[in-house]
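Morning, everyone. Please bring up the sequence and the model, and follow along with me.

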Amino acid sequence: MAHRAELGLGVVVGVGVNVNLSVEQLPTERATSLLVEGVELLNRNIILPAYLNKFAALYKDFVAVGGHADRPLSSGLSLMGLMQAFMGTLGQAVRAELPGGAVVHGIATELRLDGSLVVREDGGTVHIVSAGDVIHLRRTDSDGGVHYA
């Protein structure tokens, strides 16, 4: 077995799909599930292979363009274009909780090629968030002020 120092740097990426959790069973109020969204077919033996086949096809497309996220895939969009099209964070008010305890509030304006998120504060200050927890914010006031939860 190799020692940690011999392995070099790495990234751990994880995804999950809530399949048949009810609203009460979900981990947060922002989470959803296929059941909650009205999907009728909830068989994991069908969902998992379909998901993995789609992921494999997208990865093959990505490799075919040399691993460049800004180059068009066979669908015509680049990987960046696909991510931005499906990303609900862009244009939204967010709170980014950064390593070390710093917190940034602003509008998520852009996803950069390196995967970092651009957040612009009300005063115009721009932050590049490459690590941290990004939480979508909701207005909590009715008097026209800007307060978020």
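Let's start at helix 3, residues 79-86. Its buried residues are Leu-79, Met-80 and Gly-81. Buried means under 20% relative accessible area, exposed means over 50%, and partly exposed lies in between, with a 1.4 Å probe and protein chains only. Helices here are DSSP runs of H or I with at least four residues, strands are runs of E with at least two, and both are numbered from the N terminus. What do the buried residues of helix 3 pack against? They pack against helix 2 (44-64) and strand 2 (103-111). A contact, throughout, means heavy atoms within 4.5 Å.

A word on the source. This is a predicted model, where local features need pLDDT of at least 70 and side-chain atom pairs count only at pLDDT 80 or more, while totals for chains, interfaces and linings use all residues. Residues are numbered from 1 along each chain as its sequence is written, and side-chain values use heavy atoms, leaving out hydrogens and water.

Now the whole chain. It has 3 helices and 5 strands. Along the sequence, the pattern reads α-α-α-β-β-β-β-β. Of its 149 residues, 19% count as buried. Among contacts with a separation of 6 or more, 28% join residues 24 or more positions apart.

Next, helix 2. Its 21 residues should span 30 Å at 1.5 Å a residue, and the end C-alpha atoms are 30 Å apart, so the two agree. The expected span is 1.5 Å times one less than the number of residues. At the start of helix 2, a side-chain oxygen of Asn-43 comes within 2.7 Å of the backbone nitrogen of Asn-45. Just after helix 2, Gly-66 has a positive phi of about 75 degrees.

Two valines next. Val-15 sits in the loop between helix 1 (4-7) and helix 2. Is Val-15 buried or exposed? Val-15 is exposed, at 64% relative accessible area. Val-19 is also in the loop between helix 1 and helix 2. Val-19 counts as buried, because its relative accessibility is 5%. Which residues does Val-19 touch, leaving aside those up to four places away in sequence? They are Ser-33, Leu-34, Leu-35, Leu-42, Arg-44 and Ile-47. Take Leu-35: Val-19 and Leu-35 are 16 residues apart in sequence, and their C-alpha atoms are 6.2 Å apart in space.

That's the tour. Questions, please.

Methods
Polar contact = N/O pair within 3.5 Å; in protein donor to acceptor, adjacent residues only side chain to side chain.
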